[in-house]
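The following exercises concern a single protein chain. Each task is followed by a worked solution, to be read with the structure in view.

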Amino acid sequence: MKLTANHHRHFRSTLPQVAARLFVDLLYTGSSTADVDADATLLDALRLAHRWDVRPVVDMLERALTRQLECHNFEDLAEVAQVLELPALRRACKLLAAADVNISYQLQKRRLRPAVLELLAPPPVVASSGPAAKRRRTF
């Protein structure tokens, strides 16, 4: 960030302008005229919305990415779903992983990113410590 003589702030960002414009459009109008076919643009806008904690925009982008989920973009979307804790996208990723042979093979060989492996890991088994304690009755 740089403060100029007339007190304007200039930010250097690696965020593409298309993603920033999409975020602002969704923030103010809930829609956009931008031609957004690239998953990377949606992901960048999602990260920006999540960083600024704008839940309605996060929800809109999560739904859009869930609709675009396919084998070729699975790992990128699954990683974002896990890291940003997006429940609908997580569910969709788990369903696709269970249905797709290639993803299942990569999971078996552990050739996926750590966040994706964490997402697709089976839930831990909780061992019981013995018989359940009797409930106390009150009168």
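A salt bridge is a side-chain nitrogen of Lys or Arg within 4 Å of a carboxyl oxygen of Asp or Glu. The model is predicted, so local features need pLDDT of at least 70 and side-chain atom pairs count only at pLDDT 80 or more, while totals for chains, interfaces and linings use all residues. Residues are numbered from 1 along each chain as its sequence is written, and side-chain values use heavy atoms, with hydrogens and water left out.

**Exercise 1. Overall architecture**

Describe the order of the secondary structure elements and the extent of burial in the protein.

Solution. Step 1: helices (H or I, at least four residues) and strands (E, at least two) are taken as DSSP runs, numbered from the N terminus. The protein has seven helices and two strands, and along the sequence they follow the pattern β-β-α-α-α-α-α-α-α.

Step 1: a residue is called buried under 20% relative accessible area, exposed over 50%, and partly exposed in between (1.4 Å probe, protein chains only). Buried residues make up 32% of the 139 residues.

Step 2: areas come from the Shrake-Rupley method with a 1.4 Å probe, and for residues only the protein chains shown count as cover. The accessible surface of the protein is about 10500 Å², of which carbon and sulfur atoms hold 53%.

**Exercise 2. The nonpolar core**

Determine which residues touch the most other members of the largest nonpolar core, and which helix supplies its largest share.

Solution. Step 1: a nonpolar core is a set of buried Ala, Val, Leu, Ile, Met, Phe, Trp, Tyr and Cys residues joined through side-chain atoms within 4.5 Å. In soluble globular proteins, nonpolar side chains tend to be buried together.

Step 1: the largest core has 35 residues, and Leu46, Leu61 and Phe74 touch the most other members. At least two core residues come from each of helix 1, helix 2, helix 3 (55-68), helix 4 (74-83), helix 5 (87-99) and helix 7 (114-120). Helix 2 gives the largest share, six residues.

Step 2: contact means heavy atoms within 4.5 Å. Apart from neighbours within four places in sequence, Phe74 contacts Leu69, Cys93, Leu96, Ala97, Ile103, Val116 and Leu120.

**Exercise 3. Salt bridges**

Examine the salt bridges formed by Arg55 and by Arg113.

Solution. Step 1: the structure holds six salt bridges. Side chains of opposite charge can pair when their charged atoms come close.

Step 1: Arg55 meets Asp59 in a salt bridge with an N to O distance of 3.1 Å. Both residues lie in helix 3, four residues apart, about one turn of the helix. Asp59 is partly exposed because its relative accessible area is 24%, and Arg55, at 37%, is also partly exposed.

Step 2: Arg55 forms a salt bridge with Glu62 as well, at 4.0 Å, N to O. Glu62 counts as buried because its relative accessibility is 5%.

Step 3: Glu79 and Arg113 meet at 2.8 Å, N to O. Glu79 lies in helix 4 and Arg113 in the loop between helix 6 (101-108) and helix 7, so the pair ties together parts that are 34 residues apart in sequence. Salt bridges that share partners join Glu75, Asp76, Glu79 and Arg113 into one network.

**Exercise 4. Positive phi angles**

Where are Asp53 and Arg110 located?

Solution. Step 1: most residues other than glycine have a negative phi, and most peptide bonds are trans. Step 2: Asp53 has a positive phi of about 55° although it is not a glycine, and Asp53 is found in the loop between helix 2 and helix 3. Asp53 is exposed because its relative accessible area is 65%. Step 3: Arg110 has a positive phi near 60° and is placed in the loop between helix 6 and helix 7. At 58% relative accessible area, Arg110 is exposed.
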